[in-house]
Each structure stands twice: as structure tokens, then as C-alpha cells.
Amino acid sequence: MLKIDNLHVKLEEEDKQILKGLSLEVPAGQVHAIMGPNGSGKSTLSYVLSGRDGYDVTEGSASLDGESLLDMEPEERAAAGLFLAFQYPVEIPGVGNMTFLRTAVNAQRKARGQDELSSGDFLKLVRAKAAELQISPDMLKRPVNVGFSGGEKKRNEILQMAMLEPRMCIMDETDSGLDVDAMRLVSDGVNALRSPDRSFLVITHYQRLLNHIQPDVVHIMADGRIVKSGGPELALQVEQEGYGDLLSEAR
Amino acid sequence: MADLAVRTKDQTPSIEGAPKPAGALDARLAALNLPQGGFAAARQDAAARLREMGLPGPRDEYWRYTDPRRFNAPAPAALPIPQADETPLFDGLDKLTLVFVDGAFDKAASDDLALQGVEIATLAQADAGKGWAGDLYGVLEARGQKPVKRPFAALNTAYARDGLLIRVTATPAKPIHVVHRRGTTDADAMWHHVIRIERGAELTLLETGMSGARSNSVIEVDVAEGGTFHHVASKRAADPRVGIGHIFARVAAQAQFKSFALSVNGTTMRNETVIDIAGDDAVAHVAAAVLGDGERAPFHHDDTVFITHGAERCESRQVFKKVLKNGATGVFQGKILVRPGAQKTDGYQISQALLLDERSQFLAKPELEIYADDVKCSHGSTTGAIDDEALFYLRSRGVPRERAIVFLVLSFLADALAEVEDDGIRDRIYERLDVWLTLNAVQ
């Protein structure tokens, strides 16, 4: 599904190398988690994969189902099946949540050569999915993320994910700012989307999210590289011991 | 933006410097004759005031950001008349439609001047200027000449040939829609509406289109106690135009004045709004959304607002948003004057520009002048570009870049559009903006 090979990335504006030869493969149907200390490049990885400006790929490759991602515009990557759940979802006053979502769904369908959803079909679908995430009809009508609590914003991200049905979901610290109940709602939403042909890359600081969304593989990232990979027990080890031992062991 | 209670010296002096050579004014007036008939005294008075103040020159502070030469010129440059290329904005809405061609009322193209609760007459047909309109014509304009001179408004009062005299005694069932059309390529259109909203009554006035190759319009609105006046104006994409417009409003106790203007492209426009909040607990809102693209013709759009608070517990809001590209220039001069004794005033002013390239510019001069000690006044002005983070967010969901920019432009304009109270009218404006933006009007 997602294949990253020897990826080197630096910031465009300052000559600072962030990713230094990162390699990673997420097969179809699997959930992989990335953990790592602050500044290890986790968020950069998610932005580079989804096509945000400001990063220079100096070496290496990243592909989705064999198709190179790095030459695509962000909207093309989305249509190809990539989705990034933002750590800080952006507020867009004056643009209705529903209008935005319908535009996104239909733009992707169009890009893939599918028929656009009618207003009626879209409404039916979005109402059903919103109800599962306990997103009220009022939240659907409000401007995108405006006046949403931290938990509501994250649930809104999962709603977008559910509507867009991506094949590869990257979740950038989705657990940050969530209380216990919100974390359960978000995790249930994600778990409901797990399927043999959908994969997840879950970036997190904390093991507790991984109690809810159980990963197949856990990667430890440090200084722009994956330094160790293992099963879910690796996350527990981080939680108990911190990164210190793991990192010195990797060196 | 900080809450401010600042007393500033009057920075908007009247027309200054040596008197202009009479030749320029004479040349400007050469092709004009004082219309005979109604409002002769008001017209002569305005002509005399104009003679005294002269035309603005390049050194006038109030004209620092907008070159008055195109308004001073004896005749307008001819402008082609665009083909109608779209359904008029308010088509399908239940309304009384009144058509003006180059500033003159077109009876044949208009609905009958009959609307329950409203007396409607035209300026050209008015009698000697007796009655309520005689008490109003040129009166608010003359009052609005202090402390800043507005010569083109005096010119209009003196020479306007036509316009509407509207008196609302009871709230009508539907809005009045004034449709302006071009007739000849070089018409110098000048029209003047006088509107009186009687106690407790309400009127919505819609205005669309443009008259003349150059236009000069004045609207005088007197809103009596508890009355409400809504004005929604839209000047559309395909009309090249040069124009100056003035609105003079007097707002009595518990009355409301609310105006919103949408302006898309064009050449040189200046809109002055002068509001006198005269009674306690009154409300005045002025808002505009402007899209300017300098590619086909130079774009210069000036909104100049002067709101005077002269009573207690009144609220005023100014919300101006301009989206500029291809070397377009946006101007905002906005002033809130709080007179002694106008306690508990709540004055708010925001002017913002979204620059879609580095060649466009926004010139803003917000001013507060406050002589009461228990007031809340704030002003803010910002100039910015498309927010990269928001653009990326939308694109990451599969929204193509061009469409994402349309969303962000609409988002930027949202606060100004929110000033349109009627949902149906606001929705139509949103839909039309969406179409214009999608057709590359501004991208």
C-alpha cells in the first residue's frame, strides 16, 4: 500500500534536514503506529506525504499502490486515496461544513471518473455517518471547525475520513487535546473504518491511543529515521521506560 | 485590534489650499443646466455651495488616495456597453422593479409606481418641491458637508435630473428594486433619490447595475423614530464604470439604517456614506464586499465613511472587505465621530483586504474622534494573503486549488455578507459570488 524508501527531506526556507533516510512500508489492511520524541520529524513526514508546500525532497521516494506520491498535487494525492487527519484542524469561517464536505467528496469522485453524489444521497450518507460519531446536525451546518471544541474538531476529521473513504489514512497526533470519552469516540470511528484494503499510519506521542486503535506494527522514529520497529509491546515499553534506552540501543 | 478611546485631531480638513481656478469648475459645469421645476431653491443653494467649495484637487487630504480627475473632467470617456450575460441578481424575488437608463426613469420598463404603504414619485415629475420631499431634498446633503466638503454631492443636488422620491408610511410587502441600465456609450448620468421612512415603518431598497459611462448618485435617507431602512446594492462584473456615489442618512431614535454594497470589477469608484445618528438607541451598519481585478482595466475602489454619533446608547458598525489582484487598488477611509454627550456609544469598524498578488494594494485610514467619556469604540485594519494552511487543508481533502481559493475568498468576505439580514437575499449574493469567482472573475 504505502511504501517509503530512503526519504530525505529538508525545509525549503532554511537549509535544515528533517528526514534523513526514512524507510517504511505499510501493507494493505494494517495499522502502523509511529512514536518518537519531539522534533524527530513525525509531523514533517505526514505533511510531506500529503503534499504541503515548504519541504524539499532531496532523495528517496514515497508511493501509494506503486504510484509515486511526491510529484502529485495535494488534491491528486487525496483522490488517489491518501488522507491526513490534522493535528490542528483548520477553521474556515463562512464555509459550511456540509458544503465543504460535499465539494471534497464530489471532487474526488470526479477525479476518479465516478459519478458525483446527488444532494439527496450525500445528505443521507453524511447524516448516517455523523450520527455514528455523535456529530449533531447543527455541527454539520456550521462553518468548517468554527466554534468546535478540540474533541469536535477531531470527530469532524474522522467524519471527513468516513465520507472520503481513503485507502491510506495518516493520523497526526489525533489524540492530542482529547478527553477520555472523545478518544473513545474517535477510536471507535477509526476502528469502524478498518478493513482489509485500508491502511492506517497513526502518529502519536502516547501509548494510550494504541489501547483503542490496536496497531499491527509500532515504529520508533528519531532524528529523521525509523530506528526500531516491533509489535504493540514496543509502545508499552516506550510508555514505561521513555525513549532513552531505545534510542541509545539504536545508536 | 485593540479597543481604543482616542481623541485625535481632526485629520480630515475641508477642501484646502487656494481656491481652484474658476475655469476648472466652469468647464465641469459647461455641459450642465440647472433643471427647471421642482426644488429650484435647493438646487440654487447647492450650486452656490459648489461654487464656494470648488472641485477637489490633488492636494486635498480627503482625496489623498483617489485621483479626482475623472470626476472633475467636463465629460466622461466613452465606455462600451456590455451585453447582458447573466440573469439579473434579484430575478425571481417578489419586488417592485423601477428601471433607470443613464440616470433617467424609464416608465415603460418599470412596474407601476404603486406599492401599499409607500408613496413613490420621480424627481423629474415632481412639482415645485413642496411637502415632505421639499423639506428633505438637499438638506441632508448640505448637513453632510461639515466637517468635510463633498463637492460632487453638491453638484448632484444642483444638477441631478431624475431620481426617486419615496415616502414609506407603512411597511410594504416587498422590496423596491432599482435597476440601472446603460443607454448610450458616453452618458454622464446623475440621479438623486430622497427617501423618508416614517415612524416604525421599514423598507428594503435593492439597487443593481450601473447607469452612464460616468455616474454621480446621491441618496438622502431620513429614518424616523423606530423606522428601518435596508439598502443592498450590487454592481456586477461585466460593467466597466467610473462613478461616485453618496449616501446621506439621518437616523432617529430607535431607528435602524443598514447598507451593504457588493462591487465586482469596474474602473474607478468612490462611495461616500455619511451617517448622522441623531436619536438615542439607534443603529447604523455599513458594509461592503469588493472584488477587484486590474487585468482588463485599472481597478480603483474607494469606500469613504463618516459616522457621527450624536445620541446615547447607539451602535454603529463598518465592515469593509476587499479582494484585490492584478494591480488593483482598494481604499478605505472610515471615521467614527462621537460628539460630547453621546454616552454608551458602541462603535465598531473593520477594514480588510485580501491581496491575491504582490502588485495590488490597500490603503486604509481608520479614524476615531471621541468627545464622550463612556464609550466603546474599536477599529482594525488588516491586509493579508491567502492563508497557506487553510489552502492546504482544503486541498488535502481533494478540493482542487482553484475551488479552494473560491472557498477562502468567500470565507474572507463572510463577515461583510453577514451584514445582509435577509436570508434569501444573502443566499442569492453568495450564489452569484460563487459563480463569478468560479468564472475566474478574481482568481
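**A helix across a sheet**

In this predicted model, helix H1 of chain A lies across strands E1, E2 and E4 of chain A, and H1(A) runs at about 70° to E4(A).

H1(A) covers residues 42-50 and is mostly covered itself, with 8 of its 9 residues buried. A residue is counted as buried here when 20 or more other C-beta atoms lie within 10 Å of its own. Just after the helix comes Gly51(A), whose phi is positive, at about 95°.

The strands that H1(A) lies across are E1, E2 and E4 of chain A, and these belong to an open sheet of 4 strands. Read across the sheet, the order is E2-E1-E4-E5 in chain A, with antiparallel pairing. At the edges are strand E2 (16-26) and strand E5 (67-68) of chain A, each of which pairs on one side only. Strand E1 (residues 2-11) and strand E4 (residues 55-64) of chain A run antiparallel and are joined by 8 bridges. As one point of reference along E4(A), Asp56(A) stands opposite Lys10(A).

The view can now be widened to the whole chain. Chain A contains 10 helices and 12 strands. Its radius of gyration is 18 Å, close to the 18 Å that the globule rule gives for 251 residues, so chain A is as compact as a globular protein of that length. Along the principal axes, the C-alpha trace of chain A spans about 55 × 40 × 35 Å. Of the 251 residues in chain A, 44% count as buried. Among contacts in chain A with a separation of 6 or more, 71% are between residues 24 or more positions apart.

What remains is the partner chain. Contact between the two chains involves 23 residues of chain A and 18 residues of chain B. On the side of chain B that touches chain A, the elements giving two or more residues are helix H7 (388-396) and helix H8 (401-417) of chain B. By residue type, this side of chain B divides into 9 nonpolar, 3 polar and 6 charged residues.

Methods
Residues are numbered from 1 along each chain as its sequence is written. Chains are lettered from A and ligands numbered from 1 in the order in which they are written. This is a predicted model: local features need pLDDT of at least 70, side-chain atom pairs count only at pLDDT 80 or more; totals for chains, interfaces and linings use all residues. The radius of gyration is taken over C-alpha atoms; the globule rule is 2.2 Å times the number of residues to the power 0.38. A residue is buried if 20 or more other C-beta atoms lie within 10 Å of its own, exposed if 12 or fewer, and partly exposed in between; C-beta atoms are placed from the backbone. Two residues are in contact if their C-beta atoms, placed from the backbone, lie within 7 Å. Ala, Val, Leu, Ile, Met, Phe, Trp, Tyr, Cys and Pro count as nonpolar, Asp, Glu, Lys and Arg as charged, and the others, Gly among them, as polar. Two strands pair if DSSP finds at least two bridges between them. Axes are lines fitted to C-alpha atoms, for helices over the stretch in contact, and angles run from 0 to 180 degrees between N-to-C directions.
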